[in-house]
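Please take a moment with the sequence and the model below before reading on.

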Amino acid sequence: MSQSENPGRSEHQDPHSGYSEQDVQREVTDLEGKSATAARIFDLRRIIGGLFVLYGVIVTITGITDSQAAIDKAQGVNINLWTGIGMLALGVFFLVWLKLRPAAPPVPEAEEPEAE
């Protein structure tokens, strides 16, 4: 079938799918963008840092409100307070690391020329 017989089809359109090469390329670009966004959202540093900060706040508050009996049980060391502060520091470290060195976007693979 020539171009004059089927005026609705462009030269770069796959005869089997009905999508032009530009449509496919645009869809691939959109999917790559969504993939990069998902990689940033689900970066383990964000999850680990957030959880350590959350639990660190809880344990630090527990340490601040501990009774003298709980401190005496730990041989005079306010273990909840010190553990909470350590967890907060570790969580902040992960979040700062994420901010300073964000996940690099995936590098698209080079297209190999087709053998003719």
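The expected span of a helix is 1.5 Å times one less than its number of residues. With that in mind, one can turn to this predicted model and to its helix H2, which runs over residues 44-64, has 21 residues and reaches 30 Å from its first C-alpha to its last, close to the 30 Å expected at 1.5 Å a residue.

The setting of this helix is simply described, for the secondary structure of the protein chain comes to four helices and zero strands, and reading along the sequence gives the pattern α-α-α-α. Of the 116 residues in the chain, 14% are buried, while the chain exposes about 9,500 Å², of which carbon and sulfur atoms supply 62%. Among the contacts with a separation of 6 or more, 62% are between residues 24 or more positions apart.

Which residues of H2 are buried? They are Arg45, Gly49, Gly56, Thr60 and Gly63, and because they cover an arc of only 60° around the axis, they lie on the same side of H2. As a general point, an α-helix has 3.6 residues a turn, so residues three or four places apart point the same way. The buried residues of H2 pack against H4, a helix that spans residues 79-100.

A nonpolar patch on the surface is formed by Phe42, Leu44, Ile47, Ile48, Leu51, Leu54, Tyr55 and Ile58, which together have about 770 Å² of accessible area.

A last stop is the loop between helix H3 (68-73) and helix H4 (79-100), where Gln75 has its place. Is Gln75 buried or exposed? Its relative accessibility is 76%, and therefore Gln75 counts as exposed. Most residues other than glycine have a negative phi, whereas Gln75, although not a glycine, has a positive phi of about 60°.

Notes. Residues are numbered from 1 along each chain as its sequence is written. This is a predicted model: local features need pLDDT of at least 70, side-chain atom pairs count only at pLDDT 80 or more; totals for chains, interfaces and linings use all residues. Side-chain values use heavy atoms; hydrogens and water are left out. Helices (H or I, at least four residues) and strands (E, at least two) are DSSP runs, numbered from the N terminus. Buried means under 20% relative accessible area, exposed over 50%, partly exposed in between (1.4 Å probe, protein chains only). The arc is that of the directions from the helix axis to the C-beta atoms. Contact means heavy atoms within 4.5 Å. Patches are made of residues with over 30% relative accessible area and no salt bridge: like charges are joined within 9 Å, nonpolar side chains (Val, Leu, Ile, Met, Phe, Trp, Tyr) within 5 Å. Accessible areas come from the Shrake-Rupley method with a 1.4 Å probe; for residues, only the protein chains shown count as cover. A salt bridge is a side-chain nitrogen of Lys or Arg within 4 Å of a carboxyl oxygen of Asp or Glu.
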